[in-house]
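Visitor: Could you take me through one part of this model, the surroundings of the ligand? I would like a close look, with the terms spelled out as you go.

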Amino acid sequence: MEQDFIGKIIVVTGGTRGIGAAISKELIQRGAIVVAIYAQNDAAARRFLEGALDRSRVRTIKADVTDVAAIQSAFDQILKEFEKIDGLVNNAGIVRDGLIIRMKEEDWDSVLNVNLTGAFRCTRLAARAMMRQRAGAIVNICSVVAELGNIGQANYVTSKAGLVGLTKASARELAPRGVIVNAVAPGWIETEMTQKIPQEVRDHWLKLIPLQRLGKPEEVSALVCFLLSDRAKYITGQLFHMGGGLYM
Ligand code: NDP
């Protein structure tokens, strides 16, 4: 694999499982030092560390993106050790599905807090360092439902649509300092998040995907790594779909 990330420090939230772990793994393989932030699943973080190609190029930090102090301290720790941040992937995300008429306030709030406000918090902290460096790349992991809408996911859809807004606003604000911000919208990807979906719902969605299959975390990772690489320096404020043609 190309070694085009040597010397780069990349922070991946939710980087120990699912899509985030695939992104972390590819970045490590391509020479980066990855800091994978996670919320509470220590066993998954341990498995991720044990499976890492080169343990010297990976750190895990347990810090919930909804906890302002914990996230501040995580970024302080990263900057103390590495003195820079070249890339940030805002990937941490949760679902708390339910129809609007039955949705609890706490389910609305928690999804918005993790998926959207969490990304804002990490962007704010990474952007300070990147603006000083006059370089950096941020990738926000959105979802195809941000543009399609989805029944039973008003909180999730709103959080991801908001993340598209955050992508464009931060892209404009940070561009003069050489920092690019883009978004990737996966469709249906095989992870623990989608394993919980009932078979009939999966079958319904499969009929709507032109490429007739779910995607793999590694396929999302390939696009995310491109957007973090030096080859993407003239791309900012864009949303890229990765959903087998589900949205076009
Ligand atoms: P998983 O549920 O497999 O993994 C989620 C990751 O996010 C875990 O590492 C988890 O940490 C971390 N996380 C969750 N909440 C927090 C928090 N409050 N603070 C810090 N980390 C947190 O998810 P996927 O890999 O499936 O999804 C990754 C991203 O891709 C999400 O943003 C999701 O919305 C998006 N996406 C996924 C799709 C899919 O089909 N899978 C489709 C479209 C978008 P821990 O292990 O500690 O729980």
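**Around the ligand**

Guide: Helix 1 (18-29), helix 6 (154-174) and helix 7 (192-195) each give at least two residues to the shell around the ligand; helices here are DSSP runs of H or I with at least four residues, strands are runs of E with at least two, and both are numbered from the N terminus. Please keep in mind that this is a predicted model, in which local features need pLDDT of at least 70, side-chain atom pairs count only at pLDDT 80 or more, and totals for chains, interfaces and linings use all residues. Residues are numbered from 1 along each chain as its sequence is written, and side-chain values use heavy atoms, with hydrogens and water left out.

The ligand is surrounded by 29 residues, and the closest are Gln40, Asn91, Tyr156, Ile189 and Thr191. A residue is counted as near if one of its heavy atoms lies within 4 Å of the molecule. Sorted by class, this shell has 15 nonpolar, 11 polar and three charged residues. Ala, Val, Leu, Ile, Met, Phe, Trp, Tyr, Cys and Pro count as nonpolar, Asp, Glu, Lys and Arg as charged, and the others, Gly among them, as polar.

Now for the polar contacts, meaning pairs of N or O atoms within 3.5 Å. Asp64 places a polar side-chain atom 2.8 Å from a nitrogen atom of the ligand. Val65 takes part through its backbone, with an N or O atom 2.9 Å from a nitrogen atom of the ligand. At Asn41, a backbone N or O atom lies 2.8 Å from an oxygen atom of the ligand. Taken alone, the ligand exposes 910 Å², and the protein buries 96% of that; these accessible areas come from the Shrake-Rupley method with a 1.4 Å probe.

Two loop residues also deserve a look. Glu83 lies in the loop between helix 3 (68-82) and strand 4 (87-90), and it has a positive phi of about 65° although it is not a glycine. Glu83 is exposed, with a relative accessible area of 67%; exposed means over 50%, buried under 20%, and partly exposed in between, with a 1.4 Å probe and protein chains only. Gln212, in the loop between helix 8 (199-208) and helix 9 (217-228), is another residue other than glycine with a positive phi, near 60°. Gln212 counts as exposed too, at 63% relative accessibility.

Methods
A polar contact is a pair of N or O atoms within 3.5 Å; within protein, one must be able to donate a hydrogen and the other to accept it, and residues adjacent in sequence count only if both atoms are side-chain atoms.
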